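This report goes through the strand pairing, helix packing, domains and chain contact of one structure. The sequence and model come first.

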Amino acid sequence: MAEAISIARHIERRFSVLASLKRSVSVVVANLALPLSGILAFLILWPIAARNIDTSLGQFPSPAAVWEQFGSLYAEHKSERLKEKAFYVRQEERNAERMAEDPTYEPGIRAYTGKETFLDQIGTSLVTVMLGFSLATAIAVPFGIAIGLSRALNASVNPIIQVLKPISPLAWLPLVTMVVSAMYAAPHPSVPKSFIISMITVALCCLWPMVINTSVGVASIDKDFVNVSRVLNLSAVSHVFRIVIPASIPMIFTGMRLSIGIAWMVLIAAEMLAQNPGLGKFVWDEFQNGSSESLSRILAAAIVIGFIGFLLDRGMLLIQRFVSWDKASAAR
Amino acid sequence: MHSLKSCTVCPGFLLGTTARVLACLFLLPLPAVAGDLGWPEKDELTIGFIKLTDMAPIAIAYENGYFEEEGLYVTIESQANWKVLLDGVIDGRLDGAHMLAGQPLAAAIGFGTEAHIITPLSMDLNGNGITVSNDVWKEMKPHVPKMDDGRPVHPIGAGALKPVVDRYRAAGKPFRMGMVFPVSTHNYELRYWLAAGGIHPGYYAPHKGDISGQTGADALLSVTPPPQMPATLEAGTIHGYCVGEPWNQQAVFKGIGVPVITDYEIWKDNPEKVFGLAHEFAEKYPNTTIRLTRALIRAAMWLDENDNANRPAAVKILSQSNYVGADYDVIANSMTGTFEYEKGDKREVPDFNVFFRSDATYPYYSDAVWYLTQMRRWGQIESDKPDEWYKEIAAKVYRPDIYAAAAKSLVEEGLADPSVFPDFDSETGFKPPQSEFIDGIVYDGTKPNAYIEQFTIGLKQGDLL
């Protein structure tokens, strides 16, 4: 009898080991093997399709051509940095010469006048989107909370929100350009008009998901929480900061994740038209150039744009997991 | 640069007196004096350009260090289109720009935005071409006389295009052509060529609010920015265009169109682009303006040096993506003296782009007056003006005094030979009568109204739409 039991336990352990092995294999397959095979299939189909597309700017670029362009963009970045060093050296020499001649001269260091490289443009785009998104958050979240808390305010403001929400950034741009040109007439060299225009356009277009999601989140917090606040006689400010906001964080962050995705897309379009020196301008300039490498470079930029958008989304997700009480909603 | 401070004052004084007398005659602002050129007042500048081969002097002045040698730290920015560029100069975002010769003049007369823009330097001569789509060329070709080897005889007049335009109109389809800006050299050259072949390009009627320029037109002309022209031709939105290089050769390379004539053949050595600055800028920063002109003159000299020996190096610079960006081979053609018409039909056009030879950089009043006469011819200037008015506007915008100051200071430093410049003491600013036009009509800049009367198609004295 004891032997039978021990054999049974032995078999059970074997099965459970097998079962957990099976689970591990399925986890690996789901998280690694399947995505990898998807990417591989894409990389195999891409050059086959590309060979059959002949545009007036040359054949549609294959992965090899795009990879080559990544290399050349990086090489251009390095050579531009060398030119920058030489520029400052020349400037020092010139200033020294002039000071020797004219002791009253106060030398200034002029900023490098060369072109921005691809990596510089990535940096500019990231800074612009972050600032635009922060501006939108600063406006949208308080506004959303106010709308969520007051049904009257919601009813009066809702039609306006619904009409402003679908307006494309390309329609906002001329308006924003005119207003910024009028109000920011003497631009400071480190904050050019095009930067302000792109930033405001991004903010205008990406604040709507945050407003709506915040207001829905606030309006649908558990009645129990509201009752607790009433029982404890919390002041309005305490109610908002200790009950409302923590309770609606999952929804607020959902809105923020949607918004950052929209902000990144809008940014590229806004940069193209406002000529802010970021990735959008890079794509537009390459298109204007129409050289035989233009398509490859545009595709390289598109891949970088997509990848950065992915990273921004994942970043927002990480922050959400850290801050939110509802871990389940942050799983996707 | 240091030797300038010890120059004698005498020649400066003489120049100043003559200039002041002339200034009273032409109501000019007080011109700059080259005798004692100081440091630039404003040394961080932004210069705008459009992606065209003839922005070369600006690129060369930067890459060869001429700007830096003048103490100027220049950021060069490409602009989206001519309107953005013009607005940039007017509102101060740009300190100076590569401009169409007609833009400062149109701004002076108030066609489009009104502003006082001056130009101390002409950037180049020639450099444009007219391209038609493959289909239009196929229909045109039978009407073009051929040489013994079967190739078309050049120059091809618009008379060969007229039957094609008539057929389109008879079929009810509008015949559309593109040019880069309503006051661009391309617009006036295209209209000149069409009118010489008997095709009416349309009138403007700004006093009636009609600025489309298509009143009474056989061929409808509209605006497209230069880099987008080949794409627009390919899409079929337009059937031909007039634009500067490299966009004509680009069409041949990509197999989407055929250039039929260059503006060198329409008017030999015609003025093309100028370097434009706001009048307030030049008044506030006279040294900076003269130094900018000096650097650009040096760049222009380098481009034409030794029989165009430096052109390949210049093309390498221009093909960088932050300048023109088109492929080296596409830009190289016109810059090195050949022009490809039909695919495979390459002809020698050594002076397709002229930057310094033939006094290309001197801002002649007669060039300004020609543009004004064409503006009157097509109705952008809606009523008759006396000859004096033409000359006054030209003198308000074109500033040979600044050019002379810059040139003289270059000669004094030994950077240029005095023989390459016109004789400043005797130069009136009006070239002798020019006859090398495709229709043979003679242009005398001192008699603009008489010139306007000579055209078959175009507004005449007393005409008001």
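In this predicted model, β1(B) and β2(B) run parallel and are joined by six bridges. Within β2(B), Ile76(B) is the residue opposite Ile47(B). β1(B) also pairs with β3(B), again in the parallel sense, over two bridges. Here Gly48(B) has Ala97(B) of β3(B) as its bridge partner.

These strands belong to an open sheet of five strands in chain B, with the order β2-β1-β3-β12-β4 and mixed pairing. β2 and β4 (117-122) of chain B are the edge strands, and each pairs on one side only. From neighbour to neighbour the strands are turned by 30° on average, direction ignored. An antiparallel pair is formed by β4(B) and β12 (residues 273-278) of chain B, over four bridges. In that part of the sheet, Ser122(B) faces Val274(B) of β12(B) as its opposite residue. Helix α2 (residues 56-63) of chain B lies across β1 (44-49), β2 and β3 (96-100) of chain B and runs at about 140° to β2(B).

Chain B has another open sheet of five strands, ordered β9-β6-β10-β5-β11, also with mixed pairing. Its edges are β9 (219-223) and β11 (257-262) of chain B; each has a single partner strand, so one side of each has no neighbour in the sheet. The twist from one strand to the next averages 25°. β5 (residues 128-133) of chain B runs antiparallel to β11(B), and five bridges join them. Val132(B) has Val258(B) in β11(B) opposite. Helix α8 (residues 185-196) of chain B lies across β5, β6 (175-179), β9, β10 (240-244) and β11 of chain B, at about 60° to β5(B).

| Strand pair | Sense | Bridges |
|---|---|---|
| β1(B) and β2(B) | parallel | six bridges |
| β1(B) and β3(B) | parallel | two bridges |
| β4(B) and β12(B) | antiparallel | four bridges |
| β5(B) and β11(B) | antiparallel | five bridges |

Next come the domains of chain B. The domain assignment gives domain 1 as 2-125 + 271-420 and domain 2 as 128-269 + 437-453. Taken over C-alpha atoms, the centres of these two domains of chain B are separated by 26 Å. In their contact, 50 residues of domain 1 of chain B touch 39 residues of domain 2 of chain B. On the domain 1 side, α5 (102-109), α15 (328-335), β13 (338-340), α16 (365-377) and α17 (387-397) of chain B each supply at least two residues. α16(B) gives the most to this side, with 10 residues. By class, the domain 1 side has 24 nonpolar, 13 polar and 13 charged residues.

Chain A is divided into domain 1 (2-52) and domain 2 (118-330). The C-alpha centres of these domains of chain A lie 39 Å apart.

How do the helices of chain A pack, and at what angle do α9(A) and α10(A) meet? Helix α9 (residues 279-289) and helix α10 (residues 294-323) of chain A pack at about 165°, with 9 Å between their axes. α9(A) and α10(A) are therefore roughly antiparallel to each other. Their crossing is left-handed. From α9(A), the residues Leu279(A), Phe282(A), Val283(A), Glu286(A), Phe287(A) and Asn289(A) meet Ser294(A), Arg297(A), Ile298(A), Ala301(A), Val304(A) and Ile305(A) of α10(A). This contact has eight nonpolar, two polar and two charged residues.

α10(A) also packs with helix α2 (residues 63-101) of chain A, at an angle of about 85° and with the axes 8 Å apart. α2(A) and α10(A) are therefore roughly perpendicular to each other. Ala65(A), Val66(A), Gln69(A), Phe70(A) and Leu73(A) of α2(A) meet Ser296(A), Arg297(A), Leu299(A), Ala300(A) and Ile303(A) of α10(A). The residues of this contact divide into seven nonpolar, two polar and one charged.

The last topic is the contact of the two chains. Chain B gives 21 residues to this contact and chain A gives 14 residues. On the chain B side, β2 (73-78) and α9 (229-235) of chain B each supply at least two residues. The largest share of this side, four residues, comes from β2(B). By class, the side of chain B that touches chain A has seven nonpolar, seven polar and seven charged residues.

Conventions: Residues numbered from 1 in each chain as written. Chains lettered and ligands numbered in written order. Predicted model: local features only at pLDDT ≥ 70, side-chain atom pairs only at ≥ 80, totals over all residues. Contact = placed C-beta atoms within 7 Å. Nonpolar A, V, L, I, M, F, W, Y, C, P; charged D, E, K, R; others polar. Axes fitted to C-alpha atoms, helices over the stretch in contact; angles between N-to-C directions. Parallel < 35°, antiparallel > 145°, perpendicular 65-115°, else oblique. Left-handed = near helix turned anticlockwise from the far one by under 90°. Domains from an automatic or database assignment. Pairing = 2+ DSSP bridges.
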